[in-house]
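Open the model in your viewer and keep the selection panel at hand. The tour below goes stop by stop.

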Amino acid sequence: MRKYLTEYLIYIENRLESCQSDELEAILREHLDKIQFMQHERLIHFLVTMLFAFMFFMSMGIFIMSENISLVLLMILILGLIVPYIRHYYFLENNVQKMYYIYDEILKKMAKK
């Protein structure tokens, strides 16, 4: 997904630089579709990240109450999954916001024509 979104942002910025005014409506529709797709992806990653965070804190709470040392291994495994999910969610969040700015650029170009 990282490669897909990065390539799309490069593509849409290049397309905006060289487009004619009659192409803007098609570009806008395409871009809105991509924004929806990425918003959905961002939501799913947010929910998965929160699920793993919940599991981490639940296992930590159970460990504190029971002092079962095997739960430390579970917490380390969950933490090992949370960190990449947070990094990926951060990437998605920032690039979806870039997509919003590109959307605004398209609207400005449409208003000028």
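Helices here are DSSP runs of H or I with at least four residues, numbered from the N terminus. With that in place, note that this is a predicted model.

**Stop 1: the loop.** Select Glu67. Glu67 sits in the loop between H2 and H3. Its phi is positive, about 55 degrees, although Glu67 is not a glycine. Most residues other than glycine have a negative phi. Is Glu67 buried or exposed? Glu67 counts as exposed, because its relative accessibility is 65%, and the cut-off for exposed is over 50%.

**Stop 2: a histidine in H2.** Select His31. This residue belongs to helix H2, residues 24-66. His31 has 0% relative accessibility, so it counts as buried. Now show its contacts. Leaving out residues up to four places away in sequence, His31 touches Tyr8, Ile12, Met99, Ile102, Tyr103 and Ile106.

**Stop 3: salt bridges.** How many salt bridges does the model have? The count comes to 4. Three of them are worth a selection here:

- Select Lys3 and Glu7. Their closest N and O atoms are 3.9 Å apart. The two residues are 4 apart in helix H1, which means about one helical turn separates them. Lys3 is exposed at 61% relative accessibility, while Glu7 is partly exposed at 46%.
- Select Arg15 and Glu30. Their side chains meet in a salt bridge of 2.5 Å, N to O. This pair links distant parts of the chain, with Arg15 in helix H1 and Glu30 in helix H2, 15 residues apart. Arg15 is partly exposed at 21% relative accessibility, and Glu30 is partly exposed at 22%.
- Select Glu93 and Arg42. The closest N and O atoms of this salt bridge are 3.3 Å apart. Glu93 in helix H3 and Arg42 in helix H2 are 51 residues apart, so the pair links distant parts of the chain. Arg42 counts as buried, because its relative accessibility is 16%.

**Stop 4: the nonpolar patch.** Select Leu43, Ile44, Phe46, Leu47 and Met50. Together they form a nonpolar surface patch with about 430 Å² of accessible area. Pick out Leu47, in helix H2. Leu47 is partly exposed, at 46% relative accessibility.

**Stop 5: the negative patch.** Which residues form the negative surface patch? Select Glu13, Glu17, Asp104 and Glu105. Helix H1 (2-18) and helix H3 (70-112) each give two or more residues to this patch. Finish on Asp104, in helix H3. Asp104 is partly exposed, with a relative accessible area of 36%.

Note on methods
Residues numbered from 1 in each chain as written. Predicted model: local features only at pLDDT ≥ 70, side-chain atom pairs only at ≥ 80, totals over all residues. Heavy atoms only, no water. Buried < 20%, exposed > 50% of the residue type's maximum accessible area, 1.4 Å probe, protein only. Contact = heavy atoms within 4.5 Å. Patch = residues over 30% accessible without salt bridge, like charges linked within 9 Å, V, L, I, M, F, W, Y side chains within 5 Å. Areas by Shrake-Rupley, 256 points an atom, 1.4 Å probe, with all protein chains shown as cover. Lys, Arg positive; Asp, Glu negative; His and termini not counted. Charge placed at Lys NZ, Arg CZ, Asp CG, Glu CD.
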